[in-house]
Amino acid sequence: YDNPYLMDPDGTYSTYEERLYAYSKERRRQLLNGDWTAITGQFFPEFSENTHVANLGIPEGCKIERWIDWGYSPNPGVCHWVACFPNGRLYIFAEWVFNGEGRQLQVASAVADRINSLTVSEIMPQVKGRLSKTIGDPSMWAKDGHTGESYEETFRRHGVRMIKADNDRVLGWGRFRAWLRPHPEGGRWAMWSPD
């Protein structure tokens, strides 16, 4: 809609819009609105940057959780810091990605130390004392053949106590879709809050 050369003489874009009905809904969003987050075959088509991305403060009364998913390249690990609002909304307000492409691979003890460091010095000062729990990837409970210790045990020795997540993917996908729905209270349903 921002290209005047595609406009009809009557000031509308009817001719261009009609041509685009041969394309998928996502491709129409790309070409009409310049929405390049619309991807054909996207697993969570409900996600919209306009709806789910916001830069928010974290008010009193919100518990904070850490969510850790272990990984190595090409599927790196991640730690999310999540504000859990009393009304059921969730806001991911910080993340740290580790062991991804082009990064030096890190051992579990170094990852745990870095998560502690980030939590104490950079991420949590604004919400001090509200970390309620840390949820870890179930694969972190498997024993390592080299040290005889699981990643969970290493994390615990380094001050990051975790509870085991439920890794049921189908259940998780359904829960995530529920979180992406508009909130009954209305307004923006922001899930991710960038730096």
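User: Let's start with strand β1. Is it mostly covered or mostly open, and how many of its residues are buried?

Analyst: Mostly covered. This is a predicted model, and in it five of the seven residues in β1, which spans residues 63-69, are buried.

User: Which way does β1 pair with β2, and over how many bridges?

Analyst: β1 and β2 pair in the antiparallel sense, with seven bridges between them. You'll find β2 at residues 77-84.

User: Give me a spot to look at. What's the bridge partner of Ile64 in β2?

Analyst: That's Ala83.

User: And what about β4, how many bridges join it to β1?

Analyst: Five bridges, and here the two strands run parallel. β4 covers residues 131-136.

User: Okay, switching to helices. Where does Glu152 lie?

Analyst: Glu152 is in helix α5, residues 151-157.

User: Does Glu152 count as buried or exposed?

Analyst: Buried. Its relative accessibility is 7%, and the cut-off for buried is under 20%, so Glu152 makes it into that class.

User: Which residues does Glu152 touch, leaving out its neighbours in sequence?

Analyst: Once residues up to four places away in sequence are set aside, Glu152 touches Met140, Trp141 and Met162.

User: New topic: aromatics. How many aromatic pairs are there?

Analyst: The count is six aromatic pairs. One to look at is Phe85 with Tyr91, a tilted pair with 4.3 Å centre to centre and 55° between the planes.

User: Are Phe85 and Tyr91 buried or exposed?

Analyst: Both are buried. Phe85 has a relative accessible area of 17%, while Tyr91 has 8%.

User: Now Trp96 and Phe98. Why does that pair count as tilted?

Analyst: Because their planes sit at 35°, and tilted runs between the stacked limit of under 30 degrees and the edge-to-face limit of over 60. The ring centres of Trp96 and Phe98 are 5.0 Å apart.

User: What's the accessibility of those two?

Analyst: Trp96 is buried with a relative accessible area of 15%. Phe98 counts as buried too, at 0% relative accessibility.

User: Which residues do ring pairs link into a cluster?

Analyst: Trp96 and Phe98 are in it, together with Trp70, Tyr151 and Phe155.

Note on methods:
Residues are numbered from 1 along each chain as its sequence is written. This is a predicted model: local features need pLDDT of at least 70, side-chain atom pairs count only at pLDDT 80 or more; totals for chains, interfaces and linings use all residues. Side-chain values use heavy atoms; hydrogens and water are left out. Buried means under 20% relative accessible area, exposed over 50%, partly exposed in between (1.4 Å probe, protein chains only). Helices (H or I, at least four residues) and strands (E, at least two) are DSSP runs, numbered from the N terminus. Two strands pair if DSSP finds at least two bridges between them. Contact means heavy atoms within 4.5 Å. Rings of Phe, Tyr and Trp (its six-membered ring) pair if their centres lie within 6.5 Å; planes under 30 degrees apart count as stacked, over 60 as edge-to-face and the rest as tilted.
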